[in-house]
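Here is a friendly tour of a few spots in one protein chain. Have a look at the sequence and the model first, and then we can walk through them together.

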Amino acid sequence: GMERNRVSANCNVLVLDIQQQTVWQAQNDPDGRARIAVYGGYEPQGTEFGRDELYEMTVLDGGRCIKWRRRTTTGVVPLLRYHLTLHSFDSGRTLVLHGGDHGDQDDATDDALLALNAEIDNAAETTVYFLEVASGVWRRHRSMGGPGHRTHHFGCVYADEEDPTREYLVLAGGSPENSGQFGTPDDYANTQAHVLDLRGLAWTAGSSEVLPPPRIRTSGHVVGHYLLLVGGWG
């Protein structure tokens with residue numbers, strides 16, 4: 001297929017020490033331990049990122065030292081995408097990806113495009129991807145229920161208060177279609193929450209009796225038994 005242009009950029013990381021109220025610029029260090037994963041997205045010239053490409057930043061010494069590296073992943077690899085949700089669970093051993101917009105992707109295989117179109121078109125089924133961080137292997141999981149495909153949506157992972165080993169992915173809002181920068185409010189999904197048990201891989205839906213207005217690009221967090229949504233475009 002056609003080789004995709006790669007764009008490299010300098011990523012300067014500024015670290016805020018809340019206790020000491022000081023800010024410093026992190027420096028490269030080869031022995032970092034804590035990690036931040038960056039996947040997908042696009043840049044202003046239209047280059048999309050993702051597929052088998054994952055950027056990983058390792059952190060040491062309270063954020064004073066960092067190192068970026070690009071990893072190549074394998075398995076059932078997602079296509080290039082942006083406006084997705086990506087979160088870690090199992091103490092950072094696994095990443096879970098859902099949704100996202102995509103471009104034309106002329107270099108994609110027919111099977112890969114069919115899989116992505118199935119994600120978008122089948123509203124009764126929801127597709128998520130899991131990446132085992134140590135091995136760099138992706139796997140795809142499809143199941144009935146859930147929100148279906150979404151872009152510009154909110155997502156987070158949280159642990160059960162009584163059993164922290166049980167973790168859940170919660171999704172809300174966004175749009176079920178590729179929606180460009182802001183899309184059309186008539187195309188937005190409602191803000192009903194959908195929760196995936198990351199151990200049993202079963203979906204449950206939250207109450208739909210009282211919902212915030214539909215919106216994209218919202219922020220939020222799970223606090224105790226509550227999902228808080230703030231702001232967004234709608």
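Leaving aside neighbours within four places in sequence, which residues is Ala 189 in contact with? They are Arg 150, Gly 173, Gly 174, Ser 175, Pro 176, Pro 214 and Arg 215, where contact means heavy atoms within 4.5 Å.

A word on the source: this is a predicted model, in which local features need pLDDT of at least 70, side-chain atom pairs count only at pLDDT 80 or more, and totals for chains, interfaces and linings use all residues. Residues are numbered from 1 along each chain as its sequence is written, and side-chain values use heavy atoms, with hydrogens and water left out.

Ala 189 sits in the loop between strand S13 (167-172) and strand S14 (194-197); strands are DSSP runs of E, at least two residues, numbered from the N terminus.

| Pair | Apart in sequence | C-alpha to C-alpha |
|---|---|---|
| Ala 189 and Pro 176 | 13 residues | 6.4 Å |
| Ala 159 and Gly 224 | 65 residues | 9.6 Å |

Is Ala 189 buried or exposed? Ala 189 counts as buried because its relative accessibility is 10% (buried is under 20% relative accessible area, exposed over 50%, partly exposed in between, with a 1.4 Å probe and protein chains only).

Ala 159 belongs to strand S12 (residues 154-159) and is partly exposed at 36% relative accessibility. Not counting residues up to four places away in sequence, Ala 159 touches Pro 164, Arg 166 and Glu 167.

Finally, Val 223 is part of strand S16 (residues 219-223). With a relative accessible area of 45%, Val 223 is partly exposed.

Terms used: Helices (H or I, at least four residues) and strands (E, at least two) are DSSP runs, numbered from the N terminus.
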